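Please look over the model shown here before reading my comments. They are kept brief.

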Amino acid sequence: MAGDLERGVDALRKFRSRIDKLLTELESGNGGSSKVALERVSRGSFSGTNLPFAEADGFFQQYNRVHKALVELSKSLGDQIEMLGIAVHAADVGFDNVENDMRRRFHEIRARLDEAARAEAKRDEQTGGEKKVLDRDRDLPTDMG
């Protein structure tokens, strides 16, 4: 039994190491929230400045919407990976042995992710948009109205 527990702890340590590496690669790579946020296109890129062109205006609005969503997604992914890393560390050393700073960080991330989820649900409710959920039996997206 103790041998199984030790193998489990080793597996968690390896998993945490991979998570730390993934988080570092994400933040330092092109998918990091800071780099994604810097990639901007101006309205003038589509048809010059001050020229009336409704299609370009619409495309620019959609571009901004998608860009904002990608920045939020990148930040959320980084937060989730960091939170998972903290949880793996806590499982490794015991939840009572986790430093206060790490506990605080875990709860800050969780609160931020929960708030983002509530805001998204509110936006969906206000716009009457369809919500996509995973069918637990098939893991395929299904529409829920």
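The numbered points below go from the overall fold to the pocket, the surface and the salt bridges.

1. **Basis.** This is a predicted model, in which local features need pLDDT of at least 70, side-chain atom pairs count only at pLDDT 80 or more, and totals for chains, interfaces and linings use all residues. Residues are numbered from 1 along each chain as its sequence is written, and side-chain values use heavy atoms, with hydrogens and water left out.

2. **Fold.** The protein chain has 5 helices and 2 strands. Both kinds of element are DSSP runs numbered from the N terminus: helices are H or I with at least four residues, strands are E with at least two. Along the sequence the order is α-α-α-α-α-β-β.

3. **Burial and surface.** The protein chain has 145 residues, and 19% of them count as buried. Buried means under 20% relative accessible area, exposed means over 50%, and partly exposed is in between (1.4 Å probe, protein chains only). Areas come from the Shrake-Rupley method with a 1.4 Å probe; for residues, only the protein chains shown count as cover.

4. **Contacts.** Take the contacts in the protein chain with a separation of 6 or more: 49% of them join residues 24 or more positions apart. A contact means heavy atoms within 4.5 Å. Two C-alpha distances show pairs set well apart in sequence. Val88 and Ile19 are 69 residues apart along the chain, with C-alpha atoms separated by 9.3 Å. Lys68 and Ala37 are 31 residues apart, and their C-alpha atoms are separated by 7.9 Å.

5. **Helix H4, two residues compared.** Val88 lies in helix H4. Val88 counts as buried because its relative accessible area is 7%. Lys68 is also found in helix H4. Lys68 has 53% relative accessibility, so Lys68 counts as exposed.

6. **Largest pocket.** How much space lies in the largest pocket? The volume is about 620 Å³. The lining has 18 residues; Glu72, Leu73, Ala116, Glu120 and Arg123 lie nearest the centre of the pocket. H4 and helix H5 (100–127) are the elements that give two or more residues to this lining. The search uses a 1 Å grid over the protein atoms alone, and a pocket is an open set of points where a 1.4 Å probe fits, with protein on both sides within 12 Å along at least five of seven lines; lining residues have an atom within 4 Å of a point. Grid points are joined across faces, edges and corners, and the volume is the space filled by probe spheres set on the points.

7. **Nonpolar patch.** Val66, Leu70 and Leu73 make a nonpolar surface patch of about 270 Å². Patch residues have over 30% relative accessible area and no salt bridge; nonpolar side chains (Val, Leu, Ile, Met, Phe, Trp, Tyr) are joined within 5 Å, like charges within 9 Å. Leu73 sits in helix H4 (residues 54–93). Leu73 counts as exposed because its relative accessibility is 55%. Leu73 is also one of the residues nearest the centre of the largest pocket.

8. The structure holds 6 salt bridges. Each is a side-chain nitrogen of Lys or Arg within 4 Å of a carboxyl oxygen of Asp or Glu. One of them joins the side chains of Arg112 and Asp79 (2.9 Å, N to O). Arg112 is in helix H5 and Asp79 in helix H4, so the pair ties together parts 33 residues apart in sequence. Is each partner buried, exposed or in between? Arg112 is partly exposed, at 32% relative accessible area. Asp79 is buried, at 6%. Leaving out residues up to four places away in sequence, Asp79 touches Arg105, Ile109, Arg112 and Leu113.

9. Arg104 and Glu108 form a salt bridge, with the closest N and O atoms 2.7 Å apart. Both lie in helix H5, 4 residues apart, about one turn of the helix. Arg104 is partly exposed at 44%, and Glu108 is partly exposed at 34%. Arg110 and Asp114 form another salt bridge, with the closest N and O atoms 3.9 Å apart. This pair also lies in helix H5, 4 residues apart. Arg110 is partly exposed at 44%, as is Asp114 at 34%.

10. **Network.** Which residues are linked in a network of salt bridges? Glu82, Arg104, Arg105 and Glu108 are.
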